[in-house]
Amino acid sequence: LGFAAGSMFLVLEARSRAPMIDPRLFRLRGFSAGSLSNTVQFFCAFGFFFTSMQYLQFVVGFSPLKAAVAVLPMSVAVIPIARQAPVLAARVGFHRVGSTGLVLMAVSLLMMSRLTVDLNYWLLASALVVFGAGMGFAGAPATTAITGSLPRSKQGVASAMNDTTREVGSALGIAVLGSVLNTTYRSGVESATDQLPAEAAEAARSSIAAAAEIAGQLGPAGANLRQVANASFVDGFSDSLLIGAVCLVAAAVFVFLRARPRPDPEPASQLPATD
């Protein structure tokens, strides 16, 4: 239904005299490459945040505050690099800088996919620094590519598209990567819930937080449930990160090829000027 509604929206917008978003804008290399880059960046970033916070709290045992502090190494790289990345992109090209950032994010997810029930924090911290560097290289240049591809009269459209790609990517990342994690977790923990009452078994299969609570109520007999739940969650966490890494590599290839400097098939000046 979502894809059908989106397709219908694009058809109507293409026929409108004053469209909210003219589909022809995606013919512009910077606009389309920057939009896809933003979408995939936030798809993986928010999918990672959603799954990693659960891993740190329910598997490792961190408090919510400690889990948040644990991911701070990412900011060590993302803040300074994001300030300089647009300057670097202007010199060597967005296609090089943006694709490099996406590849770095993919490498980081591959590193974190090797995390186990027993946290190796140095592996996590180093991967977070790489992740932050990737977001720094990819993020700001993608925004610049979107806004720089349109004339001053259409900067409202550019700004709106920049925000929309981030929102859509974030929502899809939580939904898709969260579903991957949940599917693997449910499959792995099922064998350890066979002897539980139906309601408790369904709760344990639906949430690692519920599984931990039920295991605590069972006393020593709950040790196996807790162990299997933790291992199954880590497997799901790893699967979601691997899928995110594949998406990032595919996006990097697209950005590198699409954003290479070439004459656009339809200059922005010839597009409708109404925001």
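Phe42 is buried in this predicted model, with a relative accessible area of 15%, where buried stands for under 20% relative accessible area, exposed for over 50%, and partly exposed for what lies in between (1.4 Å probe, protein chains only). Phe46, at 32% relative accessibility, counts as partly exposed. Because Phe42 and Phe46 are four residues apart in helix α2 (residues 29-60), about one helical turn separates them; helices (H or I, at least four residues) and strands (E, at least two) are DSSP runs, numbered from the N terminus. This is a predicted model, in which local features need pLDDT of at least 70 and side-chain atom pairs count only at pLDDT 80 or more, whereas totals for chains, interfaces and linings use all residues. Residues are numbered from 1 along each chain as its sequence is written, and side-chain values use heavy atoms, with hydrogens and water left out.

A search of the whole structure finds eight aromatic pairs. The rings of Phe42 and Phe46 have their centres 6.0 Å apart and their planes at 25 degrees, so this pair is stacked. For such pairs, the rings of Phe, Tyr and Trp (its six-membered ring) must have centres within 6.5 Å, and planes under 30 degrees apart count as stacked, over 60 as edge-to-face and the rest as tilted. The rings of Phe48 and Phe131, with centres 5.5 Å apart and planes at 40 degrees, are therefore a tilted pair. This second pair links distant parts of the chain, since Phe48 lies in helix α2 and Phe131 in helix α6 (residues 121-148), 83 residues apart. Both Phe48 and Phe131 are buried, and one aromatic cluster is formed by Phe42, Phe46, Phe48, Phe49 and Phe131.

With regard to cysteines, the structure holds zero disulfides, a disulfide being a pair of cysteine sulfur atoms within 2.5 Å. The sulfur of Cys44 has its closest cysteine sulfur in Cys247, at 5.6 Å, which is too far for a bond. Cys44 counts as buried at 1% relative accessibility, while Cys247 is partly exposed, with a relative accessible area of 29%.

Two threonines were also examined. Thr193 is found in the loop between α7 (155-189) and α8 (198-206) and, at 1% relative accessibility, counts as buried. The side chain of Thr193 makes a polar contact with the side chain of Arg205 at 3.0 Å; a polar contact is a pair of N or O atoms within 3.5 Å, of which, within protein, one must be able to donate a hydrogen and the other to accept it, and residues adjacent in sequence count only if both atoms are side-chain atoms. When residues up to four places away in sequence are not counted, Thr193 touches Ala201, Ala204, Arg205 and Leu225, contact meaning heavy atoms within 4.5 Å. Thr164, by comparison, is found in helix α7 and counts as partly exposed at 39% relative accessibility. The side chain of Thr164 reaches the backbone oxygen of Ala160 at 2.8 Å.

For the protein as a whole, the secondary structure comes to 10 helices and zero strands. The C-alpha atoms fill a box of roughly 70 × 40 × 30 Å, taken along the principal axes, and of the 275 residues, 44% count as buried. Among the contacts with a separation of 6 or more, 76% are accounted for by residues 24 or more positions apart.
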